Amino acid sequence: MLEVDRLCVEINGALLLEDVSFQLARSEMLCVVGESGAGKSTLMKALQGLVPARCQRFHFEPANIDASEAMPQMIGLPETRWVMQDPLAALNPRLSLGRSIAESLHGRGYTKAKLRKAVEKALEEVELDPAFYDRLPGQVSLGQAQRACLARALVAQPQLIIFDEPLSALDAIVQKKVAQRMDALRRETQTAYLVVTHDMGFAAVYADQVLVLQKGRVADYQPRTTFFDSPASPYSASLIEAARSLGALEGTL
Amino acid sequence: MSLAIPIMSHASPIRSFFVWIGGLTLILIVLLGAGLFLTPYGPAEADFLNRLATPSVSHWFGTDHLGRDIATRLLFGTFWSLGLSLMIATIGLVIGTVIGLIAALSGRGGDYALMRLTDSFFAFPELIAAVTVAGLFGPSTLNLVIALSVVSWMKFTRLARSLAVALSECDFVIQARLNGLNRWQILWRHLLPNVIPSLLVLWTNSWSRTILAVSGLSFLGFGVQPPQAEWGAMLLDGKPYMQSAPHVMIFPGIAVLISVLLINLAGDLLRDLLADPR
Amino acid sequence: MSSILKRVLGLVVVLLGISLITFTVSHFAPGDKAMAIAHARYPGEQGFAPEILQSIRDELHLEASFWEQYLRWLGAVLQGDFGVSYNTQSSVWSTFVGSIGETVTLSLTALVFGLAGAFALAALAVRRPGSLVDRLAIIVASIGSAMPIYWLSLLLILVFAVHLDWVPAYGTGTLAHLVLPTLALAFWLMASQTRLLRSFILDAYDQPFIETLRLRGISEAEIFFRHVLRHAMLPALTMIGLDFALLLEGAVIVEILFARSGLGALLATSVLSRDLPMVMLLVMFFATTYVVINTLIDIVQMASDPRQRQGGQPTEKSI
């Protein structure tokens, strides 16, 4: 469904991403892991069209994009939505959650009633009461705000949702709940997830594929089922080892 | 990372500020109206037999060199001193915000040109520029308003632009762009509501500073001209008599002082109410 | 391009903007410039023959296009030629240089006393934040910055010159003449800076090293004078640098109020008599002082902050 071949990002002569390739099928989850500075957020920004990028081939089936050389713009595509790291930064503090979520349906010509209904349904999907429609981001907890962000992505019924560290702003118990809800919704709606994270534990439980970035290059790329047992590079082995020693992988394998 | 604590609504501080200010303005207008209605004197009503009278029951703040009732003139002066400066501050707010937002939304070239223009205007000290313009084009109320308006908008431009630029890099604006909103929709939905509160704080600040500027320029002879009852012009009128009748210069000054103090306090209150919505 | 170079380039652009605004205002000021010059050249004469006026217009290119006149004027200004006064026929530059001393003296004296007062008030206030003294200091500062400086000047004259007769009210010359204007300006400066200084000093006390010094048994007085004050000085100096143009502006107003000779009197008389070359020089001077000081402060800050100086190596965080 999504295929990226040899993606490069170069800014002012510095090569921030080099030959990053991956494929993602319908309702699959790809976790991109790596330490900070490895190029994870650059990859996000390249996909958002916020930094100039080029690649050999870019194929995005739902939107009928099949391009080479320059990265096509994914801004405004109804087939893609983003969920960001800090829910409070991702929500306009002076806009109610409902209106923020409704913005995701911008340009579809919905009537007000239909819009409200769609938003309330999305709130239900992420286990938020419809009363949250009129709340402001400052009036809800971080977990609730991140759920609202998830609802904003889901309400548009995209084929692909890209997550940037979706859980790192939340505390452990909330993390688990949101992660479970995320995963259940992926199966229900058959949406593909591309999750950028440094949380190996999350990848170990939910990912279908794992892609390891190191200094802007792909250090490892394989299915989750094999990744944790036979990492392909010493770097991914050390990442797994580090996670294991912190107990992050306990009970997940 | 601050935890979001369910507190009062974030939209309400602005509303409550306006209720507060609106109520205060209403009370002020009622008091002024009552004063104007109750006072037996007119602002230009001279009584030559009762010149420079000290404060008494019939003339609460005394009379000036033409025997005009100072209290009555101060009441009428409210419209000049507070009204004119409110008008000038509001002109600055509107022009400045529009230019600042245009700069923030236009490309690099347009932004650079507009901001260097703003810098150029900003370089001229307010009072000196106003003295120059009002002086060269002839001292009058209209020229005073023009002169002070010309030097009042740049603060708003800088603030509006810098806030809008900072907000444009915020995640929620990026989200809006990814959702396909165009820049004007982003401006209207996301930038303006988040920029206006700070601009309002600056606006009250600008209002009080303009009161000082309007009365100061009028006192120096470059603004509202006597016999109009503007407070600075009243001081100018009373200056030759201050030795024998100090009350002619005490009360207009106190009027300016109290107005500026109250508006500054309102500005502080507003700033505290609006402190970071997150 | 390095950010310092960019900043200097910006300064040049802004200076051009300032000159253009100044010229535009004077160009569209009402009044016949040829007539004004004729009056200055032939003092005492009344009506002028059209030929004389025409020859002045030709000589000074008063009928050329706006842009041609602007460029001619700018060219002369860049060579240091600000023209001759319409009033006195002498070079406005030399008159300006002759007057600036008074204004600078007044500004600097007021700066010293005003800052000393502000520091004293702020230091008193922070000894116990929230105490009666602290609140009193804030109230004094609030009232002081709401007080119209012209009214304060009148009060000072009334009390110290008229009633007590300690010092003269108006004029220039002796040290005694300097007392009241300095007092007015310094009080205004003190009032407007105390609250900021107070917060700077509080910030300095919040620095972790202060606690270390206390643990080492260093006296409060020494901590305040040797460490806190030094720490609060830097933001304070930056702030004062930024406000220096404001101080000059205040000085000009005070000079007009106290009928002192100096740039204030020069501005008032030249504006009222429409002596355009003088007005343009003065206005340009204030605007230029402001932007140059601002640029210098910016550059000093850039130079002391290596992140800004390098300006442009991209990292993952910066994009």
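**Reading the chains and their contact**

Tutor: Let us begin with burial in chain B, where buried residues make up 52% of the 278 residues. Please keep in mind throughout that this is a predicted model, and that a residue is called buried when its relative accessible area is under 20%.

Student: What secondary structure does chain B have?

Tutor: Chain B has 10 helices and zero strands, so that a reading along its sequence gives the pattern α-α-α-α-α-α-α-α-α-α. Taken along the principal axes, the C-alpha atoms of chain B fill a box of roughly 80 × 45 × 30 Å, and residues 24 or more positions apart account for 70% of the contacts with a separation of 6 or more in this chain.

Student: What does the accessible surface of chain B come to, and how much of it belongs to carbon and sulfur atoms?

Tutor: The figure is about 12,100 Å², with 71% belonging to carbon and sulfur atoms.

Student: Where is Arg73(B) placed, and is Arg73(B) buried or exposed?

Tutor: Arg73(B) sits in helix H2 of chain B, which covers residues 70–105. Arg73(B) counts as buried because its relative accessible area is 1%, which falls under the 20% cut-off. Leaving aside residues up to four places away in sequence, Arg73(B) touches Pro43(B), Asp64(B), Arg68(B), Pro227(B), Gln228(B), Ala229(B), Met234(B) and Asp237(B).

Student: Turning to chain C, how many helices and strands are there?

Tutor: Chain C has 13 helices and zero strands, and 45% of its 319 residues count as buried. The C-alpha trace of chain C spans about 85 × 70 × 25 Å along its principal axes.

Student: What are the surface and the charges of chain C?

Tutor: Chain C exposes about 15,900 Å², and carbon and sulfur atoms supply 66% of that area. Its side chains include 20 positive and 23 negative ones, with the centres of the two sets 13 Å apart.

Student: May we finish with the backbone angles, and in particular with what phi is for Asp19(A) and Gln190(A)?

Tutor: The general idea is that most residues other than glycine have a negative phi. Asp19(A), however, has a positive phi near 50 degrees, and this residue is found in strand S2 of chain A, residues 14–24. Gln190(A) likewise has a positive phi, near 60 degrees, and is placed in the loop between helix H6 (172–189) and strand S8 (192–196) of chain A.

Student: What are the relative accessible areas of Asp19(A) and Gln190(A)?

Tutor: Asp19(A) has a relative accessible area of 38% and is therefore partly exposed, and Gln190(A), at 43%, is also counted as partly exposed.

Terms used
Residues are numbered from 1 along each chain as its sequence is written. Chains are lettered from A and ligands numbered from 1 in the order in which they are written. Side-chain values use heavy atoms; hydrogens and water are left out. Helices (H or I, at least four residues) and strands (E, at least two) are DSSP runs, numbered from the N terminus. Buried means under 20% relative accessible area, exposed over 50%, partly exposed in between (1.4 Å probe, protein chains only). Accessible areas come from the Shrake-Rupley method with a 1.4 Å probe; for residues, only the protein chains shown count as cover. Lys and Arg count as positive and Asp and Glu as negative; His and the chain ends are not counted. The place of a charge is taken as NZ of Lys, CZ of Arg, CG of Asp or CD of Glu. Contact means heavy atoms within 4.5 Å.
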